[in-house]
Amino acid sequence: MAGASLLTLLDDIATILDDVAAMSKVAARKTAGVLGDDLALNAQQVSGVASDRELPVVFAVAMGSFKNKVILVPMAMLISAFIPWAITPLLMFGGLFLCCEGFEKVYHSLTHKRAPVIDDDAVVAKAKADIEDLAAFEKEKIKGAIRTDFVLSAEIIAISLGVAAHMDLMGQFLTLCVIAIVITVGVYGLVAGIVKIDDLGLYLAQRKPSGIGHKLGLGLVSAAPYLMKTLTFVGTIAMFMVGGGILTHGIHVVSEWIVHAETLVSQVSVVGDVLGLLTPSVLNALFGVVAGGLAVLVMNGVTKLMPAKTS
């Protein structure tokens, strides 16, 4: 009897793992778009960090991402079991947070004025101050990346939970765990590769004085700064696309309007398919910009109305 019970248990475990593998594949396909945004957002978070500190920063953010998912997976299970109606409002709050952060980045880049260089002494003093503030700078980069990761991870976990909704609690839990581990390792592995492209290029360029490897290395070194600037730009757009997408999916009227607009532009001859593919992303991003701007405006208004603290 004991042997039979053990075989039965092993059979049940094998069945569960098979279902988990199947659901994990489906969830991975459904979250592919979010993963692209996640990659762009997190790669641009480490731009500006010293070269020898890039990998430690990426590793620190990856550890923070694991901690986020350790919190999110049990939380998703509890919410799904007891208050499933709260999933959409929580996701919309996270989407608004992303839009707000994206708008603040754009606003800061448009209004921030660079201080003019006066003399060499000023440049040296500023360099020393930057070196002294390096630890604080890294901490801020890591905190910002982990905050952003929390929102994106929450959306990925929610999508995966929806895919596995028909499974029992154990199957749902294992599916979420598989997705959380695979996504974290995959995304931050790619991020680490992206931020070290310039070092790879330098290695290839110095290895041989001539040849394809040398030219490829020089090309990578030249392209690396432009790649990081592009990721910064794409990362900001991704904030609006992801955040706006979460908000529009939570507002039924707006979601229907976007679907209707997609259907209309898809009927255009020749380029209809391309326009239909781009329209939801563009409209979600525009909605995210407006929502982020309104959120920042409200926050600034509330801050001004709050009484100043007396020392």
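The protein chain has eleven helices and zero strands; helices (H or I, at least four residues) and strands (E, at least two) are DSSP runs, numbered from the N terminus. Residues are numbered from 1 along each chain as its sequence is written. Because the model is predicted, local features need pLDDT of at least 70 and side-chain atom pairs count only at pLDDT 80 or more, while totals for chains, interfaces and linings use all residues; side-chain values use heavy atoms, with hydrogens and water left out.

**Whole chain**

- From the N terminus on, the elements run α-α-α-α-α-α-α-α-α-α-α.
- Of the 311 residues in the protein chain, 35% are buried. Buried means under 20% relative accessible area, exposed over 50%, and partly exposed in between (1.4 Å probe, protein chains only).
- The accessible surface of the protein chain is about 19000 Å². Carbon and sulfur atoms hold 71% of that surface. Areas come from the Shrake-Rupley method with a 1.4 Å probe; for residues, only the protein chains shown count as cover.
- Among contacts in the protein chain with a separation of 6 or more, 80% link residues 24 or more positions apart. Contact means heavy atoms within 4.5 Å.

**Helix α11**

- Helix α11 covers residues 272–305, which is 34 residues.
- At 1.5 Å a residue, α11 should span 50 Å, and its end C-alpha atoms are 49 Å apart, so the two values agree. The expected span is 1.5 Å times one less than the number of residues.
- α11 bends by about 30 degrees at Leu278. A proline, Pro280, follows within four residues. The bend is the angle between axes fitted to the seven residues ending at a residue and the seven starting there.

**Cysteines**

- The disulfide count is zero, where a disulfide is a pair of cysteine sulfur atoms within 2.5 Å.
- Cys99 is in no disulfide; its nearest cysteine sulfur, that of Cys100, is 8.7 Å away. Cys99 is buried, because its relative accessible area is 0%.
- Cys100 is likewise in no disulfide, with the sulfur of Cys99 8.7 Å away. Cys100 has 8% relative accessibility, so Cys100 counts as buried.

- Thr184 is in helix α7 (residues 169–195). At 2% relative accessibility, Thr184 is buried.
- The side chains of Thr184 and Lys69 make a polar contact of 3.2 Å. A polar contact is a pair of N or O atoms within 3.5 Å; within protein, one must be able to donate a hydrogen and the other to accept it, and residues adjacent in sequence count only if both atoms are side-chain atoms.
- Beyond its neighbours within four places in sequence, Thr184 touches Ala62, Ser65, Phe66, Lys69 and Gly189.
- Gln172 also lies in helix α7. Gln172 is buried, at 6% relative accessibility.
- With neighbours within four places in sequence set aside, the contacts of Gln172 are Met77, Ser80, Leu161, Ala164, Ala165 and Met167.

- Val106 sits in helix α4 (residues 87–111). Val106 is partly exposed, at 30% relative accessible area.
- Val106 and Thr236 are 130 residues apart along the chain, yet their C-alpha atoms are separated by 7.9 Å.
- Gln206 belongs to helix α8 (residues 197–207). Gln206 is exposed, because its relative accessible area is 62%.
- Gln206 and Gly217 are eleven residues apart in sequence and 8.1 Å apart in space, C-alpha to C-alpha.
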